[in-house]
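Try each task before you read its solution.

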Amino acid sequence: MKINVSHVAKLANLTLSAAEEKKFEEQLSDILSYIEKLNEVDTKNVEPTSQVTGLENVTREDIVKDCELAQEEALSNSKSTQNGLFKVKAILDSK
Amino acid sequence: MDLNQLTIAEALEGLRGKKFSSVDIAKACLEQIRKHNEDINAFITVDEKGALEQAESADKQRANGEELPFLGIPIALKDIFLTKGLKTTAASKVLENYIPQYDATVVAKLKDAGAIIIGKINCDAWAHGSSGENSDFGPTKNPWSKEHVPGGSSSGSAAALAADMCLASTGTDTGGSIRLPASFNNLVGLKPTYGRVSRYGIIAMASSLDSIGHFTKTVEDSALLLSVTAGSDPHDATTPDKTVSNYSKIENGVKGLKIGVPKEYFASGLDSEIKEKTEAVIKKLEELGAEVVDISLPNTQYAIAAYYIIMSSEVSSNLARYDGIRFGNDRSFFGDEAKRRIMFGTFTLSAGYYDAYYKKAMQVRTLIKQDFEKAFEKVDAIISPVSPTAPWKLGEKVNDPLKMYLSDIFTVTANLAGIPSLAVPAGFSNGLPIGIQIMGTQFSEEKLFQVGYAFEQATEYYKHTPKL
Amino acid sequence: MKYAPIIGLEVHVELRTKSKMFCGCSADYFGKEPNTHVCPVCLGLPGALPAPNKTAIEWCIKIGLALNCDIPPFSKFDRKNYFYPDLPKGYQISQYDKPFCVNGSIRLSNGKMVGIRRVHMEEDTAKLIHQSQIPNLKSQISKSEKYSLIDFNRSGVPLVEIVTEPDFETAKEVVEYLKKLQQIVRYLEVSNADMEKGDMRLEPNISLREMNTTSKQTLPIPNDQLPNYKVEVKNINSFSFVERAINFEINRQTELLNKGEMPVQETRGWDDRKRKTISQRTKEEAHDYRYFPEPDIPPLAFNKSQISNLKSQIGELPEKKLERFQTEYKLSFYDSEILTREKALADYFEEVARVGNEHGINPKQIANLIINKKVDIETILPAKLVEMVLKLGKTEEVGAADLNKTLMEVFSENKKAVEEYKNGKEQALQFLIGQVVRKIGEKVDHNLVKNAILDRLK
């Protein structure tokens with residue numbers, strides 16, 4: 001089966017050239033075919049594992065920690081800031 | 001022997017005995033880096049000034065009678081460990097100019113223990129790879145043979161240490177990324193239990209699989225380093241509150257221990273040299289008093305498929321924050337491998353496919369975990385090869401991503417199960433290092449050190465050094 | 001063709017915890033210098049990991065319990081993946097299939113039981129400031145230079161999402177629900193729930209279904225009768241907007257359906273200046289959030305004793321208090337409703353009533369005083385208020401002779417009023433009472449005066 005690379009790239013916020021799309025489509029399809037191996041396994045009634053630690057209820061108290069980052073530090077790696085805020089091209093679409 | 005060729009234990013002894021200073025060691029390492037890094041390409045950032053300052057400070061502290069576990073020892077960090085004020089790139093053009101605003105917990109711990117952070121080390125970009133060839137800053141060469149890969153993704157960490165540019169290095173192991181390069185460089189590489197060492201401040205690859213570990217020349221050094229980095233961290237909710245041993249009982253030997261050999265790991269496809277070497281290891285362990293038992297890990301053949309789905313899915317989510325707004329360059333700067341994994345992971349999580357892929361993989365993960373649990377009812381540790389082949393040539397697998405993935409076939413299982421694994425040198429094949437791994441139950445690192453130490457002392461492979 | 005509105009509600013309540021949901025930054029972001037309450041976690045820096053706030057989780061469960069929800073024994077966080085500049089990690093930590101609270105309900109004054117589908121926790125996004133909101137910005141800036149500014153102080157603040165079943169039929173019902181919810185949340189002291197400040201946000205989804213002859217809607221509406229579209233409305237920032245927006249949308253959809261057109265399933269924004277909803281349809285397809293369990297946060301398990309412990313911390317909720325004030329203090333529904341609107345006032349009243357009781361003061365007097373005189377409960381201590389009541393309220397004895405004398409005076413000075421009363425004008429009686437009281441002094445028992453007058457004029 002083939003992956004719709006153009007759709008997936010959009011979902012993943014990646015811009016691909018037509019050539020890249022083609023290349024990745026082939027490579028990803030190879031990987032996908034290999035992955036199909038999992039269909040051989042009988043997983044009926046098997047609980048999925050999303051946590052190997054076996055931990056539960058790990059929480060922290062509602063205490064305020066001292067200011068971890070000063071404003072300049074927070075902004076220090078951005079290419080585009082203004083008056084203490086991060087600046088981006090206008091958001092035309094809504095969420 | 002040059003100071004940069006010492007083990008940590010030897011260096012600490014010499015420092016305590018005032019035979020040399022931390023500055024001496026740091027200078028020796030820096031000299032070695034100057035001589036060989038252009039060739040080997042192990043380091044992305046060398047902090048010469050910082051290292052010498054730290055070394056001077058360490059000498060002062062030692063003179064004042066302060067005894068910290070790592071005082072004055074130069075250590076190099078895989079460039080996905082955030083270091084405050086020191087550029088951290090993940091070996092990717094996306095972060096080529098990123099200066100972190102905070103230290104990773106492990107980095108802070110190492111600093112508190114007196115370690116000298118000598119520089120940031122090359123790796124596969126975003127830790128995606130098994131050979132070091134996916135770095136956006138050029139591949140790292142294997143110091144044992146510069147036409148061959150050093151293994152990845154912690155490629156530079158292994159190469160730098162093997163080339164005596166530092167006395168230890170850190171790495172991460174999500175599917176074998178410490179054990180593979182350790183094996184390819186005649187080094188000891190530890191993948192601790194998942195959650196044993198904090199992941200806070202380390203660029204996440206696959207959150208449920210990433211293990212934070214390190215490279216050393218000897219097992220003793222590895223134990224020393226773990227006693228500093230291990231421990232629960234309030235910043236990382238996946239670090240259990242388990243006491244950290246001082247890992248000093250490593251000399252207990254293997255007498256009476258039951259060591260399992262999984263038959264599935266010896267299936268066809270295993271290089272005959274590797275098979276031979278592994279069988280030699282088994283024989284040696286028996287000589288040393290261990291009882292070797294055949295065991296079965298029946299779901300081994302599905303491990304890579306399950307790993308790939310879970311890993312890519314988590315990668316696709318963890319790399320979403322790199323949008324160029326708050327830091328870094330935009331997403332067009334991602335390399336091919338990163339793009340592949342992001343897209344594959346996005347696909348496996350997407351509507352209509354989640355059950356068939358991600359959920360299925362998580363279920364297979366349970367089965368693999370259970371395989372190990374059943375096996376560990378019968379044995380204390382499990383031995384296996386790390387790689388199905390000896391180090392391959394640079395460029396050999398670059399154009400075949402799937403082929404590259406299959407080199408992880410023996411290592412991904414430990415990550416899926418969350419168990420620790422220690423890779424130790426097991427000899428050479430045509431001059432290229434080969435290693436084996438020792439796996440145990442969660443939090444059984446002490447036992448792994450025990451087995452590893454016994455084998456190491458009986459074989460002394462660590463005494464070999466590459467000709468640079 | 002008649003159409004019946006089907007309205008469901010999604011309300012987000014911002015919790016007033018001290019720290020944020022997944023990090024120790026202060027959650028008190030309103031009015032602060034931008035990007036000063038941030039850390040690697042809420043800024044989404046490389047390597048950062050979430051550490052869940054215990055109090056926030058407990059407060060979310062309290063809200064669920066107050067809404068009669070079940071608390072499943074096992075719960076977890078999930079990642080909701082999408083890209084937007086106000087979402088630093090590129091995913092929001094939320095809850096997908098195992099929320100903290102499910103299957104609750106709340107009763108409206110018309111007797112309807114509105115179903116609460118779920119109550120869950122998530123983290124707030126950063127604040128986006130669009131160029132058009134910035135004052136004194138010159139309009140010379142060309143279109144290509146339009147930009148938005150981001151403040152991450154709000155990023156990571158705990159949010160509780162409360163989702164109802166589509167059980168509402170009118171805008172009025174929605175407003176009542178919102179007011180009740182706001183009151184409950186304020187009683188629990190877990191949020192200020194101030195719509196204008198943004199700590200209570202609402203998104204109704206509205207659709208219309210064809211109505212058959214019977215006008216009463218029985219809930220829940222069977223799935224095959226639910227319309228196959230719904231419109232979400234955003235940007236409703238005050239109670240007044242709620243009614244206007246919902247009613248506008250109902251009308252808009254009715255018009256479309258009457259023309260034979262199916263309303264588009266989409267998100268629309270309320271524009272209060274233009275008094276209409278405007279399509280916010282993006283060029284992209286609907287979001288695929290690719291939910292998966294949050295690997296960085298172990299799951300949460302609750303046992304019965306933990307839940308009952310939280311339940312016992314809730315205290316008396318507004319509905320019960322309102323009932324009790326009527327039965328215990330014999331106050332009217334009207335008075336009780338005012339007194340129990342805010343917990344602080346209710347508590348104050350009860351304290352005054354308790355002290356007043358020791359001096360034989362009727363709670364109704366206290367209620368009247370508090371309600372009519374608009375007592376400043378912040379500055380006047382209950383004991384002080386009781387003193388004031390005692391000064392005013394204790395009615396003075398008046399001798400029968402004196403009373404009689406005053407009555408005669410008043411009758412002779414106000415012959416017209418006496419006539420009017422005798423002719424059936426009730427108001428004249430009040431007037432006469434007032435005249436008598438004025439002569440004798442306020443402290444006389446008005447009832448006594450009234451009876452005396454009635455007696456005399458029989």
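## Exercise 1: One lysine and its surroundings

B:Lys111 counts as partly exposed, because 18 C-beta neighbours lie inside 10 Å. Keep in mind that you are looking at a predicted model.

**Task.** In which helix is B:Lys111 found, and what separation do the C-alpha atoms of B:Lys111 and B:Gly129 have?

**Solution.** Step 1: locate B:Lys111, which is found in helix α4 of chain B. Step 2: go 18 residues along the chain, from B:Lys111 to B:Gly129, and take the distance between the two C-alpha atoms, which is 29 Å.

## Exercise 2: A strand and its neighbours

**Task.** Is strand β4 of chain B, residues 168-173, largely enclosed or open? Find its partner strands too.

**Solution.** Step 1: apply the burial cut-off, under which a residue is buried if 20 or more other C-beta atoms lie within 10 Å of its own. Six of the six residues of β4(B) are buried, so the strand is largely enclosed by the rest of the structure.

Step 1: sort the residues by direction. B:Ala168, B:Thr170 and B:Thr172 point one way, while B:Ser169, B:Gly171 and B:Asp173 point the other way, and all are buried.

Step 2: look for the pairing. Strand β2 of chain B (residues 74-78) runs parallel to β4(B) and is joined to it by two bridges; here B:Ala76 has B:Ser169 as its bridge partner. With strand β6 of chain B (residues 211-216), β4(B) pairs in the antiparallel sense over five bridges, and B:Thr170 has B:His214 as its bridge partner.

## Exercise 3: Backbone features in loops

**Task.** Which peptide bond joining B:Gly152 to its partner is cis? Then decide whether A:Asn45 is buried or exposed, and do likewise for B:Ala90.

**Solution.** Step 1: check omega. The bond between B:Gly152 and B:Ser153 is cis, with omega about 10 degrees. B:Ser153 has its place in the loop between β3 (116-121) and α5 (155-162) of chain B.

Step 1: check phi. A:Asn45 is not a glycine, yet its phi is positive, near 65 degrees. B:Ala90, also not a glycine, has a positive phi of about 60 degrees.

Step 2: A:Asn45 is in the loop between α2 (18-35) and α3 (71-75) of chain A, and B:Ala90 is in the loop between β2 and α4 (105-112) of chain B.

Step 3: count neighbours inside 10 Å. A:Asn45 has 6 C-beta neighbours and therefore counts as exposed, whereas B:Ala90 has 32 and therefore counts as buried.

## Exercise 4: The open sheet of chain C

**Solution.** Step 1: trace the order, which is β5-β6-β9-β1-β10-β11-β12-β13, with mixed pairing. At the edges stand β5 (101-107) and β13 (276-279) of chain C; each has a single partner strand, so one side of each is left without a neighbour in the sheet. On average, neighbouring strands are turned by 30 degrees against each other, direction ignored.

Step 1: inspect one pair. β1 (residues 3-14) and β10 (residues 200-210) of chain C are antiparallel partners over eleven bridges, and C:Leu9 stands opposite C:Pro204 in β10(C).

Step 2: Helix α3 of chain C (residues 239-258) lies across β1, β10, β11, β12 and β13 of chain C, at about 25 degrees to β10(C).

## Exercise 5: Where the chains meet

**Task.** How many residues of chain B are in contact with chain A, and which helix gives the most to that side of chain B?

**Solution.** Step 1: count the contacts. 43 residues of chain B are in contact with 38 residues of chain A.

Step 1: assign them to elements. Those that give two or more residues to this side of chain B are α9 (303-318), α10 (336-349), α11 (355-375) and α12 (401-405) of chain B. α11(B) gives the most, with ten residues.

Step 2: sort by class. This side of chain B has 24 nonpolar, eleven polar and eight charged residues.

Technical notes
Residues are numbered from 1 along each chain as its sequence is written. Chains are lettered from A and ligands numbered from 1 in the order in which they are written. This is a predicted model: local features need pLDDT of at least 70, side-chain atom pairs count only at pLDDT 80 or more; totals for chains, interfaces and linings use all residues. A residue is buried if 20 or more other C-beta atoms lie within 10 Å of its own, exposed if 12 or fewer, and partly exposed in between; C-beta atoms are placed from the backbone. Helices (H or I, at least four residues) and strands (E, at least two) are DSSP runs, numbered from the N terminus. Two strands pair if DSSP finds at least two bridges between them. Axes are lines fitted to C-alpha atoms, for helices over the stretch in contact, and angles run from 0 to 180 degrees between N-to-C directions. Two residues are in contact if their C-beta atoms, placed from the backbone, lie within 7 Å. Ala, Val, Leu, Ile, Met, Phe, Trp, Tyr, Cys and Pro count as nonpolar, Asp, Glu, Lys and Arg as charged, and the others, Gly among them, as polar.
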